[in-house]
Amino acid sequence: MTSILMLGNGGREHAMALSIKRDKSISLIDKQMASQGIKIFKKYGTILPQVKISIDQIQQVFFNFLLNAFDAMIGNGILTIYTKLSADGKNIQVIFEDNGTGIPASEFDKIFEPFFTTKSPDKGTGLGLSIAKGIVQMHGGRMWVESELGKGAKFILYVWIQRLAPKLIKLVPL
C-alpha cells in the first residue's frame, strides 16, 4: 500500500498552512454535491500554524471523506467542514461532518480495513478510507469516526504540528 500512498507529488512534504479553502478536492466535488441538493458549510479556524505535509496526499484524504459523505447523503444533505487548533495546541483538527445515513458502531474499525465497503461494486472498492488512514499515519496524524446510525457521521483528522515552521498563517474566513 505504501506505493499507492506515494502517488501524487512523490510524497514530498512541504511546510505550509493546511488551508482547505484552496483545496482542489473540494472544488472537484462541490458542484456535484450542490446539484444533488447537498450544501457545504465551511467553518475554518482563522489562525493556524504551518504543518509539514504532502499536499497531494492530504487532498486525497479530503477527497475520500467528501466522496463518502456524498454517497451517504440523499438530497438536502449538509456537510460541514471545520478546521481548528486542538485544545492542547499540538494538532490541527480537520472535521468532516455530514447528516447522512450514519455508520453502525459495529463497523467503526472495519471501515478503515482495505476492501471493506458497504457500497455496491460500481460505487466503491473499499480502499478510500484505508488509504486515507495510511496517509494520515505517514504524516504523524490520526483519524477516527464518530457516528450514530441514521444521524450522520463525523470524520476527525488530527494533523500533528511539527515545530519546524514557527510562523502563524492568518486565514481569512469565507
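The model is predicted, so local features are reported only at pLDDT of at least 70 and side-chain atom pairs only at pLDDT 80 or more, whereas totals for chains, interfaces and linings use all residues. Residues are numbered from 1 along each chain as its sequence is written, and side-chain values use heavy atoms, with hydrogens and water left out.

The protein chain contains four helices and eight strands, where helices (H or I, at least four residues) and strands (E, at least two) are DSSP runs numbered from the N terminus. Read from the N terminus, the order of elements is α-β-α-β-β-α-β-β-α-β-β-β. Of the 174 residues in the chain, 45% are buried; buried denotes under 20% relative accessible area, exposed over 50%, and partly exposed the range in between (1.4 Å probe, protein chains only). When contacts (heavy atoms within 4.5 Å) are taken between residues at least 6 apart in sequence, 74% of them join residues at least 24 apart.

Two packed helices are described by the angle between their axes and the distance between the axes. Helix α3 (residues 55–72) packs against α4 at an angle of about 145°, and the axes are 9 Å apart. Axes here are lines fitted to C-alpha atoms, for helices over the stretch in contact, with angles running from 0 to 180 degrees between N-to-C directions. The crossing of α3 past α4 is left-handed, a term for a near helix turned anticlockwise from the far one by less than a right angle, the clockwise case being right-handed. On the α3 side the contact is made by Gln57, Ile58, Gln60, Val61, Asn64, Phe65 and Asn68, and on the α4 side by Gly128, Leu129, Ile131, Ala132, Ile135, Val136 and Met138. By class, the residues of this contact comprise nine nonpolar, five polar and no charged. In this classification Ala, Val, Leu, Ile, Met, Phe, Trp, Tyr, Cys and Pro are nonpolar, Asp, Glu, Lys and Arg are charged, and the others, Gly among them, are polar. Within α4, the buried residues are Leu129, Ser130, Ile131, Ala132, Gly134, Ile135 and Val136. Just after α4, Gly140 adopts a positive phi of about 75°.

Five aromatic pairs are present in the structure. Rings of Phe, Tyr and Trp (its six-membered ring) are paired if their centres lie within 6.5 Å; planes under 30 degrees apart are stacked, those over 60 edge-to-face and the rest tilted. The pair of Phe62 and Phe96 is tilted because the planes stand at 45°, with the ring centres 5.5 Å apart. This pair joins distant parts of the chain, with Phe62 in helix α3 and Phe96 in strand β5, 34 residues apart. Phe62 and Phe96 are both buried. Phe112 and Phe155 form an edge-to-face pair, 6.5 Å centre to centre and with 85° between the planes. This pair also links distant parts of the chain, 43 residues apart: Phe112 lies in the loop between β5 and α4, and Phe155 in strand β7 (residues 153–160). Phe112 is buried at 11% relative accessibility, and Phe155 is buried at 5% relative accessible area. Phe62, Phe65, Phe96, Phe112 and Phe155 make up one aromatic cluster. Elsewhere, the charged end of Arg142 sits over the ring of Tyr158, 4.4 Å from its centre, the criterion being NZ of Lys or CZ of Arg within 6 Å of the ring centre and within 35 degrees of the ring normal.

The loop between β5 (91–98) and α4 (128–138) includes Ala105, Ile103 and Phe115. Ile103 is buried, with a relative accessible area of 15%. Beyond its neighbours within four places in sequence, Ile103 contacts Phe108, Ile111, Val145, Ser147, Leu149, Ala153 and Phe155. Ala105 is exposed at a relative accessible area of 60%, and its C-alpha atom lies 7.9 Å from that of Leu149, 44 residues away in sequence. Phe115 is likewise exposed, at 60% relative accessibility. Most residues other than glycine have a negative phi. Phe115, although not a glycine, has a positive phi of about 75°.
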